[in-house]
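Here's a quick tour of a protein model for someone new to reading structures. Keep the picture open while you go through the points.

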Amino acid sequence: MIYPKIPLAQSIIEILSAKGISNIIISPGSRNAPLTIGFAQNPNFKCYSIADERCAAFFALGIAQQTKKPAAIVCTSGSALLNYYPALAEAFYSQIPLIVISADRPQSKIDIGDGQTIRQENVFLNHSVFNANLTEDASEENDLKINKAIEESIKLKGPVHINAPFEEPLYETVSELSVHPVITNNEEEVFANTIENSEEFISIWNNAKRKLILVGVNESGILDQNIIDNLAKDPSVVVLTETTSNLHHPSFINSIDTLITPFDDADFKDFNPEILVTFGGMVVSKRIKGFLRKYKPQQHWHIDTLRAYDTFGALTKHFVMKPNDFFTDLFSKTIITESNYFKNIDDVYSLRKIKKQNFLSKIEFSDFKVFEKVIASLPKNSQLQISNSSAIRYAQLIEIDESIEVFCNRGTSGIDGSTSTAVGAAVESTKQTVFITGDISFLYDSNALWNSYIPKNFKIILINNGGGGIFRILPGHEEKPVFNTYFETSHQLTAEHLSKMYHFNYYQAFDEKSLHENLTEMYSQNEYPSILEIFTPTAENDKILKQYFKELL
């Protein structure tokens with residue numbers, strides 16, 4: 001086998017191999033040549049070459065999102081490293097493991113006016129779970145830092161940074177290893193499966209007549225079916241889910257904004273829970289966050305093995321457990337409390353759903369209508385990736401088949417790498433992947449298509465409303481030049497030429513008829529990846545959505 005001659009590069013490669021890290025995303029460069037040579041010629045690794053570092057990092061994020069294991073991203077020295085930052089911040093807040101390996105100049109070359117040098121050590125300190133600043137020579141101290149970085153990424157489900165200085169020459173190779181690095185054992189994390197001091201919490205639970213369960217971002221299968229059924233049959237429990245929660249039951253409320261947007265103060269007081277239980281990642285609905293910050297629950301319990309954000313300023317207990325273990329223990333010790341809480345809320349929500357269907361049946365072609373039709377068209381057992389901004393908010397209003405797993409970069413809620421993440425996820429997943437995105441998010445990350453690994457059955461559904469439609473929905477919108485130029489980012493661009501350049505099949509839709517025809521055509525062919533671009537009326541979309549919430553009253 002061929003190895004890089006530089007011992008430190010050998011150590012890094014051998015330790016990653018021993019730790020079972022197999023997906024390596026490399027951005028071309030010179031200073032990282034020793035790593036590139038070693039990774040690319042080792043059969044233990046599956047290597048990808050992606051030139052744009054920002055896209056490479058989000059691509060790796062998509063792979064790690066699917067595998068639940070760290071993916072490694074490798075870059076040269078200088079500003080290349082800084083392009084990883086948006087994806088690292090997303091990984092940090094979404095609890096996704098990533099390993100950054102940056103090649104660096106030797107310490108003596110930093111801050112002396114040498115080319116392509118920046119202060120790389122600890123550059124991600126605020127958004128990483130470990131930083132390994134290596135010295136130039138291979139050593140046991142360096143080995144332990146590399147081991148620790150990988151172990152922390154796995155244990156803490158987050159990004160780590162390994163900074164490795166290499167001196168020239170960089171391209172020399174050898175046929176035998178000159179190092180035998182130290183390999184430490186991964187310690188498997190064990191969490192409590194019973195509630196500590198449970199008597200206190202059992203008493204609170206049994207006495208509460210209004211219990212609200214709010215579920216954020218989750219992978220599918222987070223709760224056993226018997227736990228789901230127990231939550232559904234308790235009349236004192238209301239469960240609010242989001243599209244990204246991947247949790248389903250006919251009695252769960254899966255469109256929070258449809259329920260609470262028309263509420264007045266009296267409604268909110270009736271809805272106000274005594275106990276709020278949360279688990280999962282970030283919550284999309286701004287309205288539910290605003291409600292719970294104003295009408296604070298007496299108890300807020302958050303269940304997570306790592307973190308507990310005090311999102312509503314009311315956190316009283318962090319249970320360091322897996323949600324399934326928490327509810328298994330809870331239900332083995334509690335009773336069902338008589339209450340009208342679920343019935344009262346369910347009656348309101350059932351009426352809202354009828355009004356929603358009536359509204360959708362009469363509206364003109366628009367963003368809302370498109371999301372209704374597109375989500376209904378999704379193949380069963382597929383994977384849905386959604387971009388941020390208005391796309392994920394519209395998706396929250398439409399029921400989705402429970403066989404479809406949904407993903408969105410909600411850690412930082414940025415639009416910057418949604419397409420790259422979806423491509424990475426599609427590469428790793430065995431499922432049909434469909435990506436729904438808005439025009440600004442798509443254009444912002446168009447280099448995601450500069451990628452040789454996109455599966456042939458990958459589908460992009462692009463809703464082009466001529467700008468940042470989210471800003472028309474948010475308070476403060478006014479039809480003025482400042483708004484159109486600096487907030488909405490009005491444009492007349494399309495994806496047609498990008499599709500041709502990157503060899504995508506390209507379809508367009510302007511109304512319901514062409515939408516139906518082209519959805520059918522797009523799903524029927526898998527010779528090339530596809531883009532369906534749907535054009536909706538810029539000036540009408542927000543009016544239709546606002547009218548929807550008015551008609552729910």
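How many of the 9 residues of α11 are buried? The count is 7, so α11 is largely enclosed by the rest of the structure. Before we dig in, note that this is a predicted model, where local features need pLDDT of at least 70, side-chain atom pairs count only at pLDDT 80 or more, and totals for chains, interfaces and linings use all residues. Residues are numbered from 1 along each chain as its sequence is written, and side-chain values use heavy atoms, with hydrogens and water left out.

- "Buried" means under 20% relative accessible area, "exposed" means over 50%, and "partly exposed" is in between (1.4 Å probe, protein chains only).
- The buried residues of α11 are P323, N324, F326, F327, D329, L330 and F331.
- Those residues pack against α6 (198–207), β9 (211–215), α7 (225–233), β11 (275–279), β12 (299–303) and β13 (317–319), where a contact means heavy atoms within 4.5 Å.
- Helix α2 (residues 33–40) has 6 of its 8 residues buried, so α2 is also largely enclosed by the rest of the structure.
- In α2, the buried ones are A33, P34, L35, I37, G38 and F39.

**Rings meeting rings**

- Rings of Phe, Tyr and Trp (its six-membered ring) pair if their centres lie within 6.5 Å; planes under 30 degrees apart count as stacked, over 60 as edge-to-face and the rest as tilted.
- By this rule, the count is 30 aromatic pairs.
- One of them is F39 with F45, an edge-to-face pair at 4.9 Å centre to centre with 90° between the planes.
- F39 is buried at a relative accessible area of 0%, and F45 is buried too, at 9%.
- Another pair, F371 with Y394, is stacked, at 5.3 Å centre to centre and 15° between the planes.
- F371 sits in helix α13 (residues 367–377) and Y394 in helix α14 (residues 390–395), so this pair ties together parts that are 23 residues apart in sequence.
- Both F371 and Y394 are buried.
- There's a cluster as well: ring pairs link F201, W205, F279, W301, F319, F326, F327 and F331.

**Charges over rings**

- A charge sits over a ring if NZ of Lys or CZ of Arg is within 6 Å of the ring centre and within 35 degrees of the ring normal.
- K211 lies over the face of W205, 4.9 Å from the ring centre.
- R307 has its charged end over the ring of F92, at 4.4 Å from the centre.

**Loop residues worth a look**

- S339 is in the loop between α11 (323–331) and α12 (341–362), and S339 is buried, with a relative accessible area of 16%.
- The side chain of S339 reaches the backbone nitrogen of Y341 at 2.9 Å.
- Not counting residues up to four places away in sequence, S339 touches K209, P235 and S236.
- I404 is in the loop between α14 and β15, and counts as buried at 2% relative accessibility.
- I404 and P379 are 25 residues apart in sequence and 8.0 Å apart in space, C-alpha to C-alpha.
- Leaving aside neighbours within four places in sequence, I404 is in contact with N246, L378, P379, K380, N381, S382 and L384.
- G414 is in the loop between β15 (405–408) and α15 (418–428), and counts as buried at 18% relative accessibility.
- Not counting residues up to four places away in sequence, G414 touches N388 and N409.

**Hidden holes**

- A cavity, on a 1 Å grid over the protein atoms alone, is a set of points where a 1.4 Å probe fits but cannot get out, and its lining residues have an atom within 4 Å of a point.
- Grid points are joined across faces, edges and corners, and a volume is the space filled by probe spheres set on the points.
- A search of the whole structure turns up 4 cavities of 30 Å³ or more.
- The second largest cavity has a volume of about 40 Å³, and its lining is made up of M1, I2, Y3, P4, Q10, I13, E14, G38, N42 and L177.
- The elements giving two or more residues to that lining are β1 (3–4) and α1 (7–18), and α1 gives the most, with 3 residues.

Key:
Helices (H or I, at least four residues) and strands (E, at least two) are DSSP runs, numbered from the N terminus. A polar contact is a pair of N or O atoms within 3.5 Å; within protein, one must be able to donate a hydrogen and the other to accept it, and residues adjacent in sequence count only if both atoms are side-chain atoms. On a 1 Å grid over the protein atoms alone, a cavity is a set of points where a 1.4 Å probe fits but cannot get out, and a pocket is an open set with protein on both sides within 12 Å along at least five of seven lines; lining residues have an atom within 4 Å of a point.
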